[in-house]
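Colleague: I am new to this structure and would like to understand the terms used for it. Could you take me through them, setting each value against its rule?

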Amino acid sequence: MLSKGLKRKREEEEEKEPLAVDAWWLDPGHAAVAQAPQAVASSSLFDLSVLKLHHSLQQSEPDLRHLVLVVNTLRRIQASMAPAAALPPVPSPPAAPSVADNLLASSDAALSASMASLLEDLSHIEGLSQAPQPLADEGPPGRSIGGAAPSLGALDLLGPATGCLLDDGLEGLFEDIDTSMYDNELWAPASEGLKPGPEDGPGKEEAPELDEAELDYLMDVLVGTQALERPPGPGR
Amino acid sequence: MDGYVQRVLTATPSRLAVPLPADIISTVEFNHTGELLATGDKGGRVVIFQREPESKNAPHSQGEYDVYSTFQSHEPEFDYLKSLEIEEKINKIKWLPQQNAAHSLLSTNDKTIKLWKITERDKRPEGYNLKDEEGKLKDLSTVTSLQVPVLKPMDLMVEVSPRRIFANGHTYHINSISVNSDCETYMSADDLRINLWHLAITDRSFNIVDIKPANMEDLTEVITASEFHPHHCNLFVYSSSKGSLRLCDMRAAALCDKHSKLFEEPEDPSNRSFFSEIISSVSDVKFSHSGRYMLTRDYLTVKVWDLNMEARPIETYQVHDYLRSKLCSLYENDCIFDKFECAWNGSDSVIMTGAYNNFFRMFDRNTKRDVTLEASRESSKPRAVLKPRRVCVGGKRRRDDISVDSLDFTKKILHTAWHPAENIIAIAATNNLYIFQDKVNSDMH
């Protein structure tokens, strides 16, 4: 579907994407800055929280309280956004996100990977560096050291956009995810190439409140190829 | 509570429009008599102020606070194992009850607690046999007779020395320390654990609370503050990011993971939002002087809890309810995560806490009156009476009202302290320390 050359270009372009992502939700036109209706969160509130999580994880030593509060808030938002889309947790280890065609997916999975490994590191290092052991600490010595499987909880958290990360590219991304929600007449099978539609998108069925502009953006990002060929849409 | 007189102290006066980060005050604490007031700052320094005794010659200087001592408590450190810099910012200072002529305090940054001893020297020995006045060794051939050194008065010198360093007790960031009423032990709390130390022993501590889950991915709650009961040396309380308080009894078990009492208010369904948990996170907990009540601060309110009633607080005071409709913006700019402290007055009748725009609020529990005051140089001259402020939320606006939209959210009063006996309060506003005194009533009624 995607030629190697195009894929490489896509990766380069992606490095510039985070800057654009940082900016687009701050656009005064977006609901993020205004008071979003609290009954159902807008996806911009979700994205804001994901960005906060990302930023928190980027700190050399994240503030645990801030992290925990943001994660819990993100869970609430996610629960309200997709109550019907009960996807099974994707039981795959988040490999190094070498191919990240879906920007949102890659950042989410990278987040979950880094959050899991960071929290794991914290517990791993604690076991090593605590020189005078607290006397009444009855915990099994190996308890906190290493071994914790990469986070399922965090993967759960990040909703339908996360997929397992494989090296194959876009095709592999959707291989073992239930893609029925993405099935509509505009989503052609991978072998035929993907064409984005102006108003439909993967978010259609679980978050009907998404703006057209936001859907366009999501579409562009998910499809990948078309984003390379088309000029930036109105959502940016 | 009426008519507070203002005096502004800045330990390191800066003519810069924006204060240097290192000068930002991060904690304020009176000692048990109120004679001394300690502040810690982001640069790891501690400044101690002493109240001048009231003198008949200068009736206007009603026992004002002046700098007594300044010292560098913590330095920036580097954790080589984690490749992380450890901030030198002083998170908390707690005074030990005075047991002899010296004063002692505990100061802590994110990882290390230090015990400092503060002594005064106002005499020095003179007339050594082997040394001369400058301290150089004398030529023994010039010494013809023996003399007894005598103590002669000298200018007062305040000496500070670190007596204990309690290191390596915490993996996570220390948020509170509290000295036990037994005066022999103290506790330190980080995000996930609380340790009990003996003041004389630095190479070990007892872990008394551990809420770290076996799988860190299951982490949903952290410890935000903790304090020992003022009279019962076996009781302590700790608060959480989910808004609950746990009272623990150290006699019940070595590891106090099971609380004796759990204080939690059920969520108000009419006020539910995505930010409910964040705004319920308790940022400070303080026992009343009587030991009967606890005071907690969350993002929008201060609450008084009766130790005998776990189901809900007995009193709730709105600090700045006009922010409830702005939570989304405050989440966006991270202000919703600000941690405000709270304080009781000496008789437990008035409670105080800070807010934004350099405002702070006081609530009288008996009369149910409340007042908003401002800590700023511009708003009043020294020794002037403070004028109550008002935030208007639309509707009729009086002349000196501030509208919600013009509040300065970068000017936050996070740290406040109340003199243990008198109506004197200390307010930290960025790098400035404000001392307010009740001109009408110096003493408690």
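This is a predicted model: local features need pLDDT of at least 70, side-chain atom pairs count only at pLDDT 80 or more; totals for chains, interfaces and linings use all residues.

Colleague: Which residues form one aromatic cluster?

Modeller: The cluster is made of Y299(B), F340(B), Y356(B) and F409(B). Rings of Phe, Tyr and Trp (its six-membered ring) pair if their centres lie within 6.5 Å, and planes under 30 degrees apart count as stacked, over 60 as edge-to-face and the rest as tilted. By this rule there are 17 aromatic pairs over all chains.

Colleague: What makes the pair of F263(B) and W305(B) edge-to-face?

Modeller: The ring centres of F263(B) and W305(B) are 6.1 Å apart and their planes stand at 85 degrees, so the pair is edge-to-face. F263(B) belongs to strand 19 (residues 261-263) of chain B and W305(B) to strand 22 (residues 301-306) of chain B, so the pair ties together parts that are 42 residues apart in sequence. Strands here (E, at least two residues) and helices (H or I, at least four) are DSSP runs, numbered from the N terminus.

Colleague: Why is the pair of F275(B) and Y331(B) called tilted?

Modeller: For F275(B) and Y331(B) the distance is 5.0 Å centre to centre, with 50 degrees between the planes, and the pair is tilted. F275(B) sits in the loop between strand 19 and helix 1 (276-280) of chain B, and Y331(B) in helix 2 (residues 327-332) of chain B, so this pair ties together parts that are 56 residues apart in sequence. Both F275(B) and Y331(B) are buried, where buried means under 20% relative accessible area, exposed over 50%, and partly exposed in between (1.4 Å probe, protein chains only).

Colleague: What makes K111(B) and E61(A) a salt bridge?

Modeller: The closest N and O atoms of K111(B) and E61(A) are 3.4 Å apart, and a salt bridge is a side-chain nitrogen of Lys or Arg within 4 Å of a carboxyl oxygen of Asp or Glu. K111(B) lies in the loop between strand 9 (103-108) and strand 10 (113-126) of chain B, and E61(A) in the loop between helix 2 and helix 3 (64-81) of chain A, so the pair joins two chains. K111(B) and E61(A) are both buried.

Colleague: How do you know whether E265(B) and K303(B) are buried, partly exposed or exposed?

Modeller: E265(B) has a relative accessible area of 34%, so it is partly exposed, whereas K303(B), at 14% relative accessibility, counts as buried. These two residues also form a salt bridge, with closest N and O atoms 3.1 Å apart.

Colleague: Why is A375(B) called buried, and what is it in contact with?

Modeller: A375(B) has 0% relative accessibility, so it counts as buried. Leaving aside neighbours within four places in sequence, its contacts include N358(B), F360(B) and I413(B). N358(B) is itself buried, with a relative accessible area of 8%, and has a positive phi of about 60 degrees although it is not a glycine.

Colleague: What makes helix 2 of chain A largely enclosed?

Modeller: In helix 2 of chain A, 12 of the 16 residues are buried, so this helix is largely enclosed by the rest of the structure. Among the buried ones are L45(A), F46(A) and L48(A). Chain A as a whole has eight helices and zero strands, and 50% of its 236 residues count as buried.

Conventions
Residues are numbered from 1 along each chain as its sequence is written. Chains are lettered from A and ligands numbered from 1 in the order in which they are written. Side-chain values use heavy atoms; hydrogens and water are left out. Contact means heavy atoms within 4.5 Å.
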